[in-house]
Each structure stands twice: as C-alpha cells, then as structure tokens.
Amino acid sequence: MSVCHPAEKIPKTIVFRSALKRLYGDGFETHAPTQEDAFPSVLLEKLTHLGALSAVLPVKNGGLGLYESPEGMQGLIDLLRVTGRLSLSLGRCIEGHINVVRLVSLYGSDRQQKDLAALVKRGVLGGIWVTDGAQPVTLEPTATGYCLNGVKGFCSAVRQVGVALITARTAQDQDVMVLVPTTEPERIGKGPGRLTGMAASGTGAYDFTGVEISADSIIGQAGDYLRQPEFSAGAWRGSAVALGGMDALVDLMRQELRARGRAENPHQQRRIGEALILRETASQWVHRAAKAVYGVHVAPEECAAIVNLARIAVEQAGVQLLTLVQQALGLSAFIRGKQVEQTLRDLATYLRQPAPDETLTEAAAWFVERDWPEETL
C-alpha cells in the first residue's frame, strides 16, 4: 500500500524565479515596443503582475526579502538580468526602483518603510533622481515643514514613476534624501537631449519648485546617500542589467547567423565562441560582486572594491561584445529599425558609467597589500 505525502511548500523566491524564466522564454521580440522611444509599458505591467516591484521589499514589509538571503540574491540577479535582456531601458528603471527600496530599508524609519511598502504593493514604481537640472534642488524650512525648490534632470521613467527618492541641498550646505510623490504631469519637462540609445527609458526633467513636504519625507541623515559601502556596492545591480543586455545581443547574433546560413562558418563560430566567453565572464563577475554584497563577514572597503572591479569587468566585456557582434553581422548590425541595432546602441549607452578610471584604480589600490578573498556564499 503506497503512502502519499503532502508536497512540500515551494519557497516563494523559487516561484518568483520560475515566473521570471517563463517571461524570459517569451523572448524580447514579444515585448519590444513598436517605436524605439516608446516606454515598455506592457512589459512593466507584466513584471508588476508577477510581483516584481514588491518582491524587493523586506519580508517584514510584505516582500520576498531579495536582499536578505542567498536565495533572494539569485532572485534579484534573475530579475535584473531578465529585465535587462528584454529591455535595457526598463532594466534601468527597475534598478532605480530597487535602489529606492534599498535606501529606505537601510536609512528610513519603520514608519517610512511601511508607507513606501504600501505604495509599492499598489503597483507604484519608484525612481531615484539625484542629478540636478539647471537649478539644483534645495530644501528650505517653513512654518509647517519644508519646501523644495529646483529641478532634477535625467529622471528615468519620469511619466511612470509615482514616488521619487531625490537629493536636496540644505541651508547648511548638506545633501539629504527626500522621498516625494511625483504625480503632477505639469511639472514634467524635457530631458537633457536625445541620447544615442536608451530612448525608451522615458528620461525627462521634473520641477520640484514649491513642493511642500513634512519632516517625515526626509530619509535618514545628511550624507547618507553617499555613505559607503552602499553607494559603491549598489553598482552590482547595474552590472546585472547590462549582463541581460549582453544576453540579448548574443541571442540576436546567433539567430541572425543561423537565418543567413552562416552559423557553420568557422570564422563566425569563433565569434560566437568569443561572445559566449565574454558573456560568461560578465556573469561570473556579477555573481562574485553580489556574493560580496550579501556576505556577512566582508569588510565594507573590500565589498566596494570587489563591486567596482566587477563593474569595470562587465563594462569591458560588454564593449568587446559590441564590436564582435558588429563584425559578425556586418552592415546588418547598423540598419535602423532592427532589434540588434537598437540593442547595440542601448547597451553602448548603458555601459557609459561615470568615473571608470577612478573606479578601477581605487579598487586596485585596496588589493595592493591584500590577498583576494575567498567567496563567502
């Protein structure tokens, strides 16, 4: 006589990762907008339906706690990588949303964390907008609280974001983080100009002049936004999104070569092999950086150094892949309107992160007198 045992409950992070893989399996062609500069709203809706926006919340606030366990780490990598593969523009916006949740979780009060969680669980997308426009954003005290004045530029998903974490300069010449609703369309302005790539990220400007806030809108203390290791360590998430873009390029190159009947050519096979090596190199660096961030016994300086090295390694691998795909596909890789051409421009734009030389030398300086650490996860 056989005995039936009830199936063990599948962890929510596993269910979430499986749902992401099904979305990945649909292919980026399914989710690609008809116009290059059209925000990928349909894909954002699908991710929201899967619970991607709330998954990054801490468990205590109703999320999956993707920052709280090794299992969560892989779930967060999957979310960033899959989104980057399907749309680098949306990947930037999702990474910004994650950054907002992360910073509020680190520096915000319990009340602030609960308030943000309530918004996120209603499907509100967060944005992190720290680059000032022509008039820097300032924070001025009033009789009832504070008043913001100034403009933020380079605001990704400016029309989709419902709450933004911004930096504002106080009268004491210090920067503080402020969490503020961004639901007034009349405050939206033009961005810095038309970029070569990433046009679908919906980047614009937002005028905060005259916005009144209470003290409860200020997150943490002055200087927290630049506090290490989080300021540097958070860069691993951007590298995970870029890795997704590399996934897309490798797939597109292979598909086109097969369609042309050129995939059996030994020279093209060499390029395919090199592309796979570059992609796997980037993948290993992303995972190594994530493990440093999640490691409980990793010194803050060491964590920042590893993540910065990973950032440069992924950038270098990505740039080499751009050239490789162009060589493999020839002029076909430069035809406007083709998915591969747009992805090439999007990834080239996305990879242009600030201060690469300083990032590399500071990371290298940390390891001049120190051995490379063993992995902790």
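Two strands are regarded as paired if DSSP finds at least two bridges between them, and strands themselves are DSSP runs (E, at least two residues), just as helices are DSSP runs (H or I, at least four residues), numbered from the N terminus. The structure is a predicted model, in which local features need pLDDT of at least 70, side-chain atom pairs count only at pLDDT 80 or more, and totals for chains, interfaces and linings use all residues. Residues are numbered from 1 along each chain as its sequence is written, and side-chain values use heavy atoms, with hydrogens and water left out.

By these criteria, strand β5 (residues 161-169) pairs with β6 in the antiparallel sense over seven bridges, and V163 stands opposite P181 in β6. Five residues lie between the two strands of this hairpin, where D173 takes a positive phi near 60°. Strand β6 (residues 175-181) is also joined by two bridges to strand β10 (residues 218-219), the two running antiparallel, with V178 opposite I218 in β10. Five of the seven residues of β6 are buried, where buried means under 20% relative accessible area (1.4 Å probe, protein chains only).

The chain as a whole contains 13 helices and ten strands, and buried residues make up 54% of its 377 residues. Among contacts (heavy atoms within 4.5 Å) with a separation of 6 or more, 74% are accounted for by residues 24 or more positions apart. Along its principal axes, the C-alpha trace spans about 75 × 65 × 50 Å.

Conventions:
Buried means under 20% relative accessible area, exposed over 50%, partly exposed in between (1.4 Å probe, protein chains only).
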